[in-house]
Amino acid sequence: ERVRAGQTPFSLEEWNNVREKVYFDPSSIERMQPVEGSITAINTWLDEGHLVKVVTARTGQMREDAVRWLLNHRIDIPVIGAGSRMTKVPHLEGSDIFVDDDSDRVVEASAICAAYFFKWPYNDTPEGINSITSLAQIDIDR
C-alpha cells in the first residue's frame with residue numbers, strides 16, 4: 001500500500017520484508033499484473049526480430065515462477081537467473097538495451113549498452129541515467 005501511495009523510498013528493513021513476500025512467497029507471482037504496455041512492447045520487439053531476454057535476480061524456483069508467469073502471458077523468451085544483488089553485465093553481451101529498477105545494475109550496464117532505469121514510486125533515479133515508467137517509452141530501433 002505504501003508503494004501504491006507513492007510515499008518515500010523503503011528503508012532496508014522495509015525492503016527486506018517486501019522482498020520476502022515478493023520473492024519467496026510462491027503465490028505472489030500469480031497475483032502480479034503486467035506493467036501497462038509491457039506485453040505489447042515485448043511482442044512488438046519480438047515481431048520486429050529483436051532478441052528479448054530477462055536477466056533477473058531470481059534463481060531456482062523463483063526463476064521458474066517467472067518463466068511460468070511469462071508463458072501465462074504468452075511471452076516465450078529466455079530467463080537468466082543472475083542471483084540477488086549480483087551484476088548482470090556478464091549476461092548482457094550483445095544486448096542493445098537494458099532495463100532494471102535497481103540503480104546499481106543500471107549504472108553497471110550503461111557501460112556496455114543503452115540502460116534504462118525503471119522508475120517506481122519507491123526508488124530514486126540515478127544521476128545521468130535514462131528513467132522510464134513504461135517499456136513503450138523505449139525506441140529500440142534508435
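Predicted model: local features only at pLDDT ≥ 70, side-chain atom pairs only at ≥ 80, totals over all residues.

Trainee: In what order do the elements of the chain run from the N terminus on?

Mentor: The order is α-α-α-β-α-β-β-α-β-β, which amounts to 5 helices and 5 strands. The radius of gyration is 15 Å, close to the 14 Å that the globule rule gives for 142 residues, so the chain is as compact as a globular protein of that length. Of these 142 residues, 31% count as buried.

Trainee: Which residues of helix α3 are buried, and where do they fall when seen down its axis?

Mentor: The general idea comes from helix geometry. An α-helix has 3.6 residues a turn, so residues three or four places apart point the same way. In α3, which covers residues 38–47, the buried residues are Ser38, Ala41, Ile42 and Trp45. They fall within an arc of 95° and therefore line one face of the helix. Strand β3 (97–100) is included in what covers them. The face turned away from this buried side carries the exposed residues Thr40 and Asp47. Just after α3, Gly49 takes a positive phi of about 90°.

Trainee: Is Thr56 buried or exposed?

Mentor: Relative accessible area decides this, and buried means under 20%. Thr56, found in strand β1 (residues 54–56), has a value of 11% and is therefore buried.

Trainee: What is Thr56 in contact with, leaving aside its neighbours within four places in sequence?

Mentor: Its contacts of that kind are Val79, Ile80, Gly81, Ala82, Gly83 and Lys88.

Technical notes:
Residues numbered from 1 in each chain as written. Heavy atoms only, no water. Helix = DSSP H or I, 4+ residues; strand = E, 2+ residues; numbered from the N terminus. Buried < 20%, exposed > 50% of the residue type's maximum accessible area, 1.4 Å probe, protein only. Contact = heavy atoms within 4.5 Å. Arc of directions from axis to C-beta. Rg over C-alpha atoms; globule rule 2.2 N^0.38 Å.
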